[in-house]
Amino acid sequence: PWYENNSSPRTGDGVVKYQVAANDGTEERTGTITVAGKTHTITQAGLEGKIESPLITDLSGTEVAISGQAASFSVAALGTAPLRYQWKRNGKSIAGATSSTLELTGVKEVDAGAYSVFVSNQAGSVESDSISLSVHYTLQVSVTGPGKVSVSPDQQSYALGTKVTLRATPDEGYMLGSWEGATGGDGSSLSITVNKNLNITADFVEVPEAINRMSLAILLRETD
């Protein structure tokens with residue numbers, strides 16, 4: 001019940017003590033308590049003034065999150081307290097997500113979707129618009145040795161399934177030794193499909209003397 005008898009039967013002081021919870025409603029409520037065979041009525045008034053339904057005034061959140069990192073959402077609402085919150089993803093309630101903010105850590109592809117929040121109090125309820133969260137991946141490209149690598153398309157992050165082409169250009173006297181962190185390279189070109197965070201290194205090495213002599217011999221034959 002909303003009231004509780006806190007008296008001790010051993011005090012004998014003739015005083016009855018009881019604790020009453022706050023009445024968040026506008027209507028008066030009554031209850032009874034029995035002391036020494038007599039029943040007493042407890043009456044508690046309701047709140048004064050008009051009860052305001054929730055009104056969402058602001059909604060913000062992460063639209064693109066990097067896999068493994070964090071995403072967050074926040075709502076601001078007006079209305080008579082207490083306000084209750086329930087966050088949803090793709091229309092389904094998220095267990096335990098019952099505050100004005102929602103924090104996601106270690107984001108994965110399964111976390112992508114449309115996020116909204118349902119706000120309610122005793123006077124009514126309202127649901128927000130949704131914010132779509134996309135999970136992207138990073139592509140870190142580095143080089144060892146004299147040379148450079150071009151990336152197409154060159155973006156800060158990539159959606160799942162994006163096809164990316166890397167092209168290696170060695171400095172004079174050097175060649176591409178290998179691609180590290182990925183497979184499927186064809187000579188100086190490497191095509192990848194993004195499905196996770198990637199770290200790829202182009203390893204440039206000095207052209208061996210034997211290859212230099214062979215190249216020089218071919219050049220001399222062509223000029224004869």
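This is a predicted model: local features need pLDDT of at least 70, side-chain atom pairs count only at pLDDT 80 or more; totals for chains, interfaces and linings use all residues.
1. Two strands count as a pair if DSSP finds at least two bridges between them.

2. Numbering runs from 1 along each chain as its sequence is written, and side-chain values use heavy atoms, with hydrogens and water left out.

3. Back to strand 13, which covers residues 131-137 and is mostly covered, with five of its seven residues buried. Buried means under 20% relative accessible area, exposed means over 50%, and partly exposed is in between (1.4 Å probe, protein chains only). Strand 6 (residues 64-66) runs parallel to strand 13, with three bridges joining them; Val64 sits opposite Ser134 there. Strand 11 (residues 113-121) also pairs with strand 13, this time in the antiparallel sense and again over three bridges. In that pairing, Gly113 has Leu133 as its bridge partner. As background, strands of a sheet pair through backbone hydrogen bonds, either parallel or antiparallel.

4. Now a separate look at the sheet with strand order 14-20-18: it is open, has three strands, and its pairing is mixed. Strand 14 (139-144) and strand 18 (174-180) are the edges; each has a single partner strand, so one side of each is left without a neighbour in the sheet. Neighbouring strands here are turned by 20° against each other on average, direction ignored (axes are lines fitted to C-alpha atoms, for helices over the stretch in contact, and angles run from 0 to 180 degrees between N-to-C directions). Strand 18 pairs with strand 20 (residues 198-206) in the antiparallel sense over six bridges, and Glu180 stands opposite Thr201 of strand 20.

5. Is Lys88 buried or exposed? Lys88 is buried, because its relative accessible area is 15%. This lysine belongs to strand 8 (residues 84-89). Its side chain makes a polar contact with the side chain of Glu127 at 3.4 Å. (A polar contact is a pair of N or O atoms within 3.5 Å; within protein, one must be able to donate a hydrogen and the other to accept it, and residues adjacent in sequence count only if both atoms are side-chain atoms.) Leaving aside residues up to four places away in sequence, Lys88 touches Ser93, Ile94, Ala114, Tyr115, Ser116, Phe118 and Glu127, where contact means heavy atoms within 4.5 Å.

6. Beyond residues up to four places away in sequence, Gly106 touches Gly68, Gln69 and Asp111.

7. Finally, the overall numbers. The protein chain has one helix and 20 strands, and 27% of its 224 residues count as buried. Of the contacts with a separation of 6 or more, 53% come from residues 24 or more positions apart.

Definitions and conventions
Helices (H or I, at least four residues) and strands (E, at least two) are DSSP runs, numbered from the N terminus.
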